[in-house]
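Subject: Two-chain model, handover and findings

Hi,

Here is the structure you are taking over. Please open it first, then read the notes below it.

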Amino acid sequence: MSGVAAGVMVVFVLLLVAPPAYAYVDPGSGTLLLQIIGAVALGSMFYIRTAWLKLRGFFDRFSGKSAAGEAPKDGSESK
Amino acid sequence: MRHADRGLPFSASSFRDPVASTHVLADAVFRIVDEGFAAQLDQALALPGLRPFLDAGTLIATEPCPTAEVNGALMVGAIPAQGYVCYRHPRIAFPSYPYEWAPQMLHAAGRLTLDLARTLLAAGFGLKDATPFNVLFDGPRPVFIDVTSIERRRPSDPLWAAEGQFLRTILLPLLLERDIGLGLSALFLSHADGIDAVEAGRLLGRWRMLTGGAFGLVGLPALLSRRSQCQGENLYAPRDTAPDKARFILDHLIGRLARRLDALAPTAAQSHWTDYVDTRSYEDADVAAKAEFVSRALAGSGGRLLDVGCNTGEFSVLAARQGWSVVALDNDTAVAGRLWERAAKEGHDILPLVVDVAQPTPGTGLFNNQFPAFLARCDAAGGFDAVLMLAVIHHLMVTNGLPLRAVVDLAARLTRDRLILEIVLPDDIMFRKIARGRGELFAGLTRELVLAALAEKFDITGTLDLAGGGRCLVSCRRKGQP
């Protein structure tokens, strides 16, 4: 069983055996907790994206320098 | 301290807001705002990103006005010249609330809220709350009215506190309406702040809340609600992160909510009445004659018109095309939803509402006056200039058991001038269908009896018999009108 499938199974089992809700439970707490979990996951994505953009920027600069080193094809550059 | 606790005039419509209070008068709406908050409100309203909303009329126009003017209008001297800034908004012609909307309208209100939230996020602002009560409809167009919900965000905050309210009041009601047919009136009249995931899960049933879109909206939050008790107060502690990371997270959160809203977009539902135009018992010649009669009775004027029992809305559209601003009522959600879609698409000035005029919406909220009753809103506007009651009084008398006199009194209360109604008599096939064997109760109901009852409050200006005498169109004006 993969990790994802195991996780889904755990959630299923928790739901099936979940205790009854009580009135004093803040109704928004589950949503907030879910948002916090999502924010942590998105925070990781943000770092991956930032690293990827930096890496791409590096290669763009590298390839950009190479392009700048080529002589213009229309020959407009004066000697 | 709320404004009322600082000696400012109390307002039932805005008592929760700690920095502002709103006062609705006959021809304008005044908003009193703390001076400190007004500075950021002015900055927000000047954002270029909000200009398209203001131009389209989906964000209420807001103009500063002198404190003295508000004191004069409210007939109080309670607002000090220092410490507060006053604003004026135009009045929305007829306020309506989510428990009177078709699901399509709640969906449109949710879409507007997210569009604003995303636009504000890009400029460093956000929405404090995300309830559909922040939106009114001007015709078919949603208008975001609660400008003091806009605030400057803490740049390092990666959470949107109003997300829970957006789920409770918009996404979950749409989900429950779609999956188990729970009407918005049933839900919002008993749950003004929406429904939480745990209760939604109980209504859906354990298996249904695990499937499809319901798992992320109901199953998982319900599970986490039960598990979050161990987090204690720590759950609500402010979170901080790098500002660009916080914005990235919030942008994705709003995007995810928008996708969930899209997935819950209501489809054109079917009901017994949605095909009425194709299945009604009229001859084509009668349909044309009826349209001509109504058109003539509405000619040469314009103003505010109430179409009671609008059905597919063909006469609401006819009136709107003649320059009337229409509020169209029907107790069938499906036909109101279809009419809203049509009005929005074709640009008709029609506000369709799911209201049963025999049991009109009660006043709700604080003192039963935070959201006034349907008839109180009609009275506040001085009544409508014209009322259509086409083929509806037999429903009121047979289905709802109203005496004829009560129907006439109701019509006289709703209109201040014109009334156009269609009498359906006991011999008509549609009357017999809804009478269901109780025909003898209405044996004495004749055209003449109805006209005599009307004549007590109205001057009859025209009649037209249809369907071989089984139906009669009547146009009249309130007594005393020039």
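A residue counts as buried under 20% relative accessible area, as exposed over 50%, and as partly exposed in between (1.4 Å probe, protein chains only). By that rule B:Arg338 is partly exposed, because its relative accessible area is 27%. More on that residue below.

First, the ground rules. This is a predicted model: local features need pLDDT of at least 70, side-chain atom pairs count only at pLDDT 80 or more, and totals for chains, interfaces and linings use all residues. Residues are numbered from 1 along each chain as its sequence is written, chains are lettered from A and ligands numbered from 1 in the order in which they are written, and side-chain values use heavy atoms, with hydrogens and water left out.

**Chain A**

Treat this chain with care. pLDDT is the predictor's confidence in each residue, from 0 to 100. Chain A averages 64, and 47% of its residues score at least 70. Residues 10–27 of chain A fall below 50, and this stretch has 29 contacts beyond near neighbours in sequence. Contact means heavy atoms within 4.5 Å. Residues 67–79 of chain A are also below 50, with one such contact in the model.

Chain A has two helices and zero strands. Helices (H or I, at least four residues) and strands (E, at least two) are DSSP runs, numbered from the N terminus. Of the 79 residues in chain A, 23% are buried. The chain exposes about 5,900 Å², and carbon and sulfur atoms supply 70% of that. These areas come from the Shrake-Rupley method with a 1.4 Å probe; for residues, only the protein chains shown count as cover.

**Chain B overall**

Chain B has 18 helices and 15 strands. Buried residues make up 54% of its 482 residues. Its accessible surface is about 20,000 Å², with 53% belonging to carbon and sulfur atoms. Of the contacts in chain B with a separation of 6 or more, 70% join residues 24 or more positions apart.

**The four-strand sheet**

This open sheet runs in the order S1-S2-S4-S3 (chain B), with antiparallel pairing. Two strands pair if DSSP finds at least two bridges between them. S1 (20–24) and S3 (63–65) of chain B are the edges; each has a single partner strand, so one side of each lacks a neighbour in the sheet. The twist from one strand to the next averages 30°. S1(B) and S2(B), residues 29–34, are joined by five bridges. There, B:Val24 stands opposite B:Val29.

Axes are lines fitted to C-alpha atoms, for helices over the stretch in contact, and angles run from 0 to 180 degrees between N-to-C directions.

**The seven-strand sheet**

The order here is S11-S10-S9-S12-S13-S15-S14 (chain B), open, with mixed pairing. S11 (350–354) and S14 (458–466) of chain B are the edge strands, each pairing on one side only. Neighbouring strands are turned by 15° on average, direction ignored. H12 (residues 314–321) of chain B packs on this sheet, touching S9, S10, S11 and S12, and makes about 170° with S10(B).

How many residues of S13(B) are buried? Nine of its ten, so to speak, are covered. S13(B) pairs with S12(B) in parallel over five bridges. B:Ala386 has B:Arg418 in S13(B) as its bridge partner. S13 (residues 415–424) and S15 (residues 471–478) of chain B pair antiparallel over seven bridges. In S15(B), B:Val474 is the bridge partner of B:Leu421, and B:Ser475 is that of B:Ile420.

**Helices and single residues**

H9 (residues 243–263) of chain B has 21 residues. The expected span is 1.5 Å times one less than the number of residues. That gives 30 Å, and the end C-alpha atoms are 30 Å apart, which agrees. Its buried residues include B:Phe248, B:Ile249, B:Leu253 and B:Leu257.

B:Gln165 sits in H5 (residues 163–180) of chain B. B:Gln165 is buried, because its relative accessible area is 14%. Leaving aside neighbours within four places in sequence, its contacts include B:Asp129, B:Thr131 and B:Asp193.

Back to B:Arg338, which lies in H13 (residues 333–346) of chain B. B:Arg338 and B:Gln104 are 234 residues apart in sequence, yet 8.5 Å apart in space, C-alpha to C-alpha.

Best wishes
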